[in-house]
Amino acid sequence: MPKPEREFFDAGPLAWRPVAGSPTAGAGGDGVREKILSHDPDTGDTTRLLRFDAGVQTADTIAHDFWEEVWILEGEMIDLGKDETFAAGMYACRPPGMLHGPYRVPRGCTMLEMRYQK
């Protein structure tokens, strides 16, 4: 089933949930939550909000087998591998295999993220 058709809706009431298997320094993905806006269970294509609490630090460099587009809505994060700070208003488009992270999030960060296969 493809991602569901949805007209504009209030996403505020959607629940924030912990990100399973999140590579944060805390156990079980502490401090990293997601709000799923749309999802295709067959392909894994997902649009979500992703929130990192202040003080979160990820442990690993990341590479995915899918495309990922990210727009930082609030806050900032520091890519420790690149020694660069990315802040609200910045956008990334990552093809499969592109390395990024690990990250430190001193003051918190919220981003819109889209994941898709092609």
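Strands here are DSSP runs of E, at least two residues long, numbered from the N terminus.

**Figure 1. The cis peptide bond between G101 and P102 in a predicted model.** This model is predicted. The peptide bond from G101 to P102 is cis. Its omega is near -5°. P102 sits in the loop between β7 and β8, the latter covering residues 103-105. Most peptide bonds are trans.

**Figure 2. D83, a residue with positive phi.** Phi of D83 is near 55°. That value is positive, and D83 is not a glycine. Most residues other than glycine have a negative phi. D83 lies in the loop between β5 and β6, where β6 spans 84-87. D83 counts as exposed because its relative accessibility is 67%, and the cut-off for exposed is over 50%.

**Figure 3. The largest pocket and the residues around its centre.** The largest pocket has a volume of about 600 Å³. Its lining is made up of 34 residues. Nearest the centre of the pocket lie L50, E68, R94, H100 and E113. By type, the lining residues divide into 18 nonpolar, 7 polar and 9 charged.

**Figure 4. Strands that line the largest pocket.** Several strands each give at least two residues to the lining of the largest pocket. They are β2 (32-39), β3 (46-52), β5 (67-79), β7 (91-94) and β9 (109-116). The largest share comes from β5, with 5 residues.

Figure 5. The structure holds 0 disulfides. C93 is in no disulfide, and the nearest cysteine sulfur, that of C109, is 18 Å away. A disulfide is a covalent bond between the sulfur atoms of two cysteines. The cut-off for a disulfide is a pair of cysteine sulfur atoms within 2.5 Å. The sulfur of C109 is therefore too far from that of C93 for a bond, at 18 Å. The surroundings of each cysteine can be read from accessibility. C93 counts as partly exposed because its relative accessibility is 36%. C109 counts as buried because its relative accessibility is 2%. Buried means under 20%.

Figure 6. Over residues 24-28, pLDDT stays under 50. For this stretch the model has 8 contacts beyond four places in sequence. Where pLDDT is low, the predicted coordinates should not be read in detail. For the chain, the mean pLDDT is 91. In the chain, 92% of residues reach 70 or more.

Methods: Residues are numbered from 1 along each chain as its sequence is written. This is a predicted model: local features need pLDDT of at least 70, side-chain atom pairs count only at pLDDT 80 or more; totals for chains, interfaces and linings use all residues. Side-chain values use heavy atoms; hydrogens and water are left out. On a 1 Å grid over the protein atoms alone, a cavity is a set of points where a 1.4 Å probe fits but cannot get out, and a pocket is an open set with protein on both sides within 12 Å along at least five of seven lines; lining residues have an atom within 4 Å of a point. Grid points are joined across faces, edges and corners, and a volume is the space filled by probe spheres set on the points. Helices (H or I, at least four residues) and strands (E, at least two) are DSSP runs, numbered from the N terminus. Ala, Val, Leu, Ile, Met, Phe, Trp, Tyr, Cys and Pro count as nonpolar, Asp, Glu, Lys and Arg as charged, and the others, Gly among them, as polar. pLDDT is the predictor's confidence in each residue, from 0 to 100. Contact means heavy atoms within 4.5 Å. Buried means under 20% relative accessible area, exposed over 50%, partly exposed in between (1.4 Å probe, protein chains only).
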